[in-house]
Amino acid sequence: MNEPPRLPEGGFAAWSRDRLAVARRGADECGDVWQLEPDVYVVATAGPCEEVLRRAQDFAKAPSPLFPPLKRSRGAATPEERARAHAARMRGLRAQAVAARIGEIAPRAARFADQWPTDQDVETLPLVRHALAEIGVHYLFSEDAPALLPFASQLFLAREVLVRPSRWVWPRWFPTPARRFRTRQQVAFTDALRPIVRRRRASGRLGDDTLGQMLRPSARYGLLPDEAILDTLPGITVATFETPTRAAGWILLHLARHPQAADRAAAEAALLPADPAATTSTHLDGLHYTQALVREVLRLYPPSWLLTRRATRQTQLAGYTIDAGSTVLVCPYTAHRDAREHSEPDRFQPERWLEDSGSPARPGVFLSFGTGPHSCEGTALAMAMLTLLTAQTARLYHLSEPPGPEPGYQVTTFEGLATAGLRLRATVRG
């Protein structure tokens with residue numbers, strides 16, 4: 001059997017101590033695919049990473065255990081009904097749906113910038129998380145968002161507790177304190193959402209938000225049962241702001257470290273409407289450089305730096321044999337720094353994403369939102385949120401880092417990459 005090379009010097013222990021450094025070393029020293037331990041493989045370079053994500057029939061995405069369906073004595077949704085609820089949810093997250101609601105997203109992005117405390121060192125991620133939670137929860141539930149926002153914050157806390165590193169690996173059925181806390185918060189969120197669903201159905205005013213899309217009957221299946229809708233919303237509610245918060249931390253840090261790039265984004269933002277509610281998808285599309293800046297930061301620091309897949313059968317990948325049942329870890333962090341796809345891959349260069357004739361060739365591999373059948377369903381929403389947040393912040397402020405230790409890498413979950421200890425100072429532009 002053709003086996004990939006083993007990870008040199010340290011194996012899993014070294015991976016646990018410093019995952020990013022080891023991942024990068026593995027890509028540099030071992031090539032496209034390397035073996036972490038028996039039946040665990042890391043795919044490190046651009047082409048094979050993209051291949052794994054696109055070959056969903058061979059490399060399946062494991063279902064997320066974070067917010068499983070609640071156990072109910074009666075009326076539980078079937079797996080088929082939950083799958084239809086997921087498809088209905090995606091109708092509200094398509095690029096066309098997001099474009100139609102830019103005028104709702106932009107005012108909250110502007111409010112984040114307006115409310116940033118100036119001329120003082122501020123712990124940045126909590127501010128960003130609160131702003132993005134307001135945007136994301138409003139996008140899903142519109143006028144009902146204020147009632148649900150406190151429960152969404154508790155869902156986020158439950159998620160963070162659940163994925164906290166532990167010395168022990170418990171079976172999924174074992175009721176650990178973290179899992180019991182997660183279930184309590186999931187029940188509280190569901191109990192708050194259930195009367196909203198019933199009220200909208202009874203009134204006939206379903207709404208144009210994501211929840212409204214799920215309440216509308218489909219021509220093929222008719223109405224979804226309430227429980228199928230309720231089961232599929234906790235996870236996406238947290239996802240609308242949890243991953244974008246990690247991304248926004250890296251983006252704001254780059255605005256501080258690259259003032260010329262920040263100035264260019266500010267110049268674009270000056271052309272946005274004075275009333276943020278008047279912002280349209282055309283205005284968003286006009287933020288060419290700001291979108292390139294966001295994309296470049298996401299290339300260098302993908303907020304989900306590691307994606308997990310499982311081989312459904314014995315198959316070949318990059319010339320190696322991967323056995324059925326093996327875990328395959330796709331590493332966007334190293335794929336994005338593959339010099340075969342990105343010239344000067346470690347350099348921050350937003351211009352590489354522009355299509356001007358004088359700019360570098362447009363890179364072909366970008367995996368910050370995944371790709372293939374299981375790519376992130378919230379990509380359009382996340383890009384709109386991050387681009388508008390970046391533009392409005394750059395428009396108003398010069399950002400700078402305070403003296404002291406630089407923010408470091410923090411692996412907040414097995415797959416998440418955040419800026420640890422990020423503090424920034426905002427000074428009003430002249």
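## Asp-209

Leaving out residues up to four places away in sequence, Asp-209 touches Arg-101, Tyr-139, Leu-140, Phe-141, Ser-142 and Arg-200, where contact means heavy atoms within 4.5 Å. Asp-209 lies in the loop between H9 and helix H10 (210-215); helices (H or I, at least four residues) and strands (E, at least two) are DSSP runs, numbered from the N terminus. With 1% relative accessibility, Asp-209 counts as buried. Buried means under 20% relative accessible area, exposed over 50%, and partly exposed in between (1.4 Å probe, protein chains only).

The side chain of Asp-209 reaches the backbone nitrogen of Gly-212 at 2.8 Å. A polar contact is a pair of N or O atoms within 3.5 Å; within protein, one must be able to donate a hydrogen and the other to accept it, and residues adjacent in sequence count only if both atoms are side-chain atoms.

## Model and chain

This is a predicted model, in which local features need pLDDT of at least 70 and side-chain atom pairs count only at pLDDT 80 or more, while totals for chains, interfaces and linings use all residues. Residues are numbered from 1 along each chain as its sequence is written, and side-chain values use heavy atoms, with hydrogens and water left out.

The chain has 16 helices and 12 strands. Of its 430 residues, 51% count as buried. Among contacts in the chain with a separation of 6 or more, 75% come from residues 24 or more positions apart.

## Helix H8 against H9

Helix H8 (residues 145-162) and helix H9 (residues 177-203) have axes that come within 9 Å and cross at roughly 160°. Axes are lines fitted to C-alpha atoms, for helices over the stretch in contact, and angles run from 0 to 180 degrees between N-to-C directions. H8 and H9 are therefore roughly antiparallel to each other; angles under 35 degrees count as roughly parallel, over 145 as roughly antiparallel, 65 to 115 as roughly perpendicular and the rest as oblique.

On the H8 side, the residues that meet H9 include Leu-148, Phe-151, Ala-152 and Leu-155; on the H9 side, those that meet H8 include Phe-181, Arg-182, Gln-185 and Phe-189. By class, the contact of H8 with H9 has 15 nonpolar, three polar and two charged residues. Ala, Val, Leu, Ile, Met, Phe, Trp, Tyr, Cys and Pro count as nonpolar, Asp, Glu, Lys and Arg as charged, and the others, Gly among them, as polar.

## Helix H8 against H11

The axes of H8 and helix H11 (residues 226-257) come within 9 Å and cross at roughly 85°. H8 is therefore roughly perpendicular to H11. Ala-152, Leu-155, Phe-156, Arg-159 and Glu-160 of H8 make the contact with Pro-234, Thr-237, Val-238, Phe-241 and Glu-242 of H11. The classes in the contact of H8 with H11 are six nonpolar, one polar and three charged residues.

## His-336

His-336 sits in the loop between helix H15 (332-335) and helix H16 (379-396). His-336 counts as buried because its relative accessibility is 0%. Its side chain reaches the backbone nitrogen of Leu-367 at 2.7 Å. Apart from neighbours within four places in sequence, the contacts of His-336 include Leu-298, Arg-299, Pro-302, Phe-366 and Leu-367.

## Glu-123

Glu-123 belongs to strand E4 (residues 121-123) and, at 49% relative accessibility, counts as partly exposed. The C-alpha atoms of Glu-123 and Gly-421 are separated by 7.4 Å, although the two are 298 residues apart along the chain. Not counting residues up to four places away in sequence, Glu-123 touches Leu-422 and Arg-423.
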